[in-house]
Amino acid sequence: MPLRSSSTIIIYSLLLPIVQALSTAADTTSSNKNIMSTSSVALRSVKQILPAAPRHWVGDGFHVHPVFSNKAFTEELSPLLMFDYAAPQQFKPNKGSPRGVGQHPHRGFETVTIAFKGEVEHADSVGNRDVIKPGDVQWMTAGRGIIHQEFHSNEFSKKGGEFEMCQLWINLPKKNKMTKPHYQPIVDRKIPVVDLKGASVDGECSEETVGEVRVIAGSFLGTKGPATTFSPVELWDATIQKKGTVVDLPFPDDFNCIIFVRRGEIDVISESGDPKRVGAQGVALMKREGGSIRIQSAQKNTSLLIMGGLPLNEPIAARGPFVMNTWDEINKANKDYMMGKFGK
């Protein structure tokens, strides 16, 4: 091998650290690409946490938390309007009239009632009558006007027991507010259940099943819920079994999103890794940025309702049981109800 000149050796010595630095930078770039590929969907962050609101009675049968508090009936939650949750409560056997709410009208939106424990009996002015049992969902479109009543079922009233339910109000688009009243009875066995897989805090997925998601409306991981909606809506009933479990839930990035902690406690983890704690009956209002929600359970057997939808971007005029777009329409709803024009 020919001998190198001293000048060649000096040049080589100077270039070697540069070559090594470039090689290290290339390896680092490749590594970063691999990391990003495991969490390529940006995580949503929490906009605001609403603590559990004080309870009040609706009729004499439903002792509820007004979950959305002062955010109810605002564009910030659109298309969702209001949400009442009756936490588990024991009722003694009742030999008198069933507890509940007597006949009352609605116009311009939909009510979604979910029974967790106990039974709710529904009857309305267009002839629908049904009993909502544990796990069942009643999706009622008030549309141009309906009169209905909601009571503890006769069977539940006689026996008594633990009662837990919730009711969500969903706005109708302006073009659908005067649609014909409609009723969707969705029984528990018709609601698809999707296994929920765990994840790590850095976004790596696992094959371990850590819970489940009941898909009531919209879709989760390609599984569609049975509810028919007038605008895009997501409504999932999720359970995480173990404390400390991390899950990633894909959610449309242009939808408003609300996480309600029905039972347990969670941390919502943002893109920066910053956790936000949400306790039982609390709510996380999510920013409309990012296509996935990362949640870590802080208690075992945590139960969540995850809901939201594409904002309607329409004026909201709400008074009592009527939700329209203008106050003139609200006044007309009152007159139509007084003149007996509802439920026809």
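A residue is called buried when its relative accessible area is under 20%, exposed when it is over 50%, and partly exposed in between, as computed with a 1.4 Å probe on protein chains only. By this criterion C257, with a relative accessibility of 2%, is buried, and C166, at 1%, is likewise buried. The structure is a predicted model, in which local features need pLDDT of at least 70 and side-chain atom pairs count only at pLDDT 80 or more, whereas totals for chains, interfaces and linings use all residues. Residues are numbered from 1 along each chain as its sequence is written, and side-chain values use heavy atoms, with hydrogens and water left out.

The protein has 344 residues, of which 49% are buried. Its secondary structure consists of 3 helices and 26 strands, where helices (H or I, at least four residues) and strands (E, at least two) are DSSP runs numbered from the N terminus. When contact is taken as heavy atoms within 4.5 Å, residues 24 or more positions apart account for 73% of the contacts with a separation of 6 or more. A disulfide is a covalent bond between the sulfur atoms of two cysteines. With a disulfide defined as a pair of cysteine sulfur atoms within 2.5 Å, the structure holds 0 disulfides.

Apart from neighbours within four places in sequence, L249 is in contact with L196, F220, W236, G291, S292, I293, I295 and I306. The C-alpha atoms of L249 and L221 are 8.8 Å apart in space, although 28 residues separate L249 and L221 in sequence.

Side chains of opposite charge can pair when their charged atoms come close. A salt bridge is counted when a side-chain nitrogen of Lys or Arg is within 4 Å of a carboxyl oxygen of Asp or Glu, and the structure holds 16 of them. R294 forms a salt bridge with D248, with 2.7 Å between the closest N and O atoms. Because R294 belongs to strand 23 (residues 292–297) and D248 to strand 18 (residues 246–250), this pair ties together parts that are 46 residues apart in sequence. R294 is buried at 5% relative accessibility, whereas D248 is partly exposed at 22%.

In another salt bridge the side chains of R214 and D237 meet at 3.1 Å, N to O. This pair links distant parts of the chain, R214 lying in strand 14 (residues 205–217) and D237 in strand 17 (residues 233–240), 23 residues apart. R214 is buried, with a relative accessible area of 8%, and D237 is also buried, at 8% relative accessibility. The side chains of E265 and R277 are joined by a salt bridge of 3.4 Å, N to O; E265 is in the loop between strand 19 (256–263) and strand 20 (266–269), while R277 is in strand 21 (residues 275–278), 12 residues apart. E265 is partly exposed at 23% relative accessibility, as is R277, with a relative accessible area of 44%.

Grid points are joined across faces, edges and corners, and a volume is the space filled by probe spheres set on the points. The count comes to 1 cavity of 30 Å³ or more, and the largest cavity has a volume of about 30 Å³. The largest cavity is lined by F83, V112, I114, C166, L168, L235, L305 and M307; strand 6 (109–117), strand 11 (161–171) and strand 24 (302–309) are the elements that give two or more residues to this lining. Ala, Val, Leu, Ile, Met, Phe, Trp, Tyr, Cys and Pro count as nonpolar, Asp, Glu, Lys and Arg as charged, and the others, Gly among them, as polar. On this basis the cavity lining divides into 8 nonpolar, no polar and no charged residues.

The second largest pocket has a volume of about 260 Å³. Of its 14 lining residues, V58, D84, E150, Q167 and W169 are the closest to its centre. The lining of this pocket comprises 8 nonpolar, 4 polar and 2 charged residues.

Methods. On a 1 Å grid over the protein atoms alone, a cavity is a set of points where a 1.4 Å probe fits but cannot get out, and a pocket is an open set with protein on both sides within 12 Å along at least five of seven lines; lining residues have an atom within 4 Å of a point.
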